[in-house]
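The points below should be read beside the sequence and the model.

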Amino acid sequence: MRNPTVPIGAISRFEPERFEGRWQVEAAAGDWALRGFDVAGGVWSENGGARTGQVAPLGRGIFQITYGDTATRDVWVVWVDPDHNTAALGDPEGSFGFVATRVGTRRADQIRAAEQVLDFNGYRTDTWGKVQ
């Protein structure tokens, strides 16, 4: 899913407060079956509330979700457009990766840009399934 020999980086222009809102997953691969998520007030809610967790920053563009059962997941924002409407997310291990857009703001050029950045970071988005 991701070539672990390729360095991965999180984007420095990520702003947590601008990341809040409702997102839909456009393309994904790995062990995290997301169709969409919401972020509000430090709470991450998946697939319409099926699972929720607390969000805590780990670094610029990196945060950790801690679920009620104490399971955690680290998320790296590899790329986000300047308006925070399209994002490329993953993790260094390559266990998941996805492209998400804010509900109602889907733009094919930004989705392609997100895929290109993920590819540069060792992913192979051409093999990913489209979610929407």
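**Notes on helix 2**

1. In helix 2, the buried residues are Gln 110, Ile 111, Ala 114, Glu 115 and Leu 118. They lie on the same side of helix 2, because the arc they cover around the axis is only 140°, taken from the directions from the helix axis to the C-beta atoms. Buried means under 20% relative accessible area, exposed over 50%, and partly exposed in between (1.4 Å probe, protein chains only).

2. The model is predicted: local features need pLDDT of at least 70, side-chain atom pairs count only at pLDDT 80 or more, and totals for chains, interfaces and linings use all residues. Residues are numbered from 1 along each chain as its sequence is written, and side-chain values use heavy atoms, with hydrogens and water left out.

3. Helices (H or I, at least four residues) and strands (E, at least two) are DSSP runs, numbered from the N terminus. The buried residues of helix 2 pack against strand 1 (21-30), strand 6 (72-80), strand 7 (86-90), strand 8 (96-102) and strand 9 (129-130). Ala 108 and Phe 120, on the other side of helix 2, are exposed.

4. Val 117 also belongs to helix 2. Its relative accessible area is 21%, so Val 117 is partly exposed. Leaving aside residues up to four places away in sequence, Val 117 touches Val 78 and Trp 79, where contact means heavy atoms within 4.5 Å.

5. After helix 2 comes Gly 122, which has a positive phi, near 100°.
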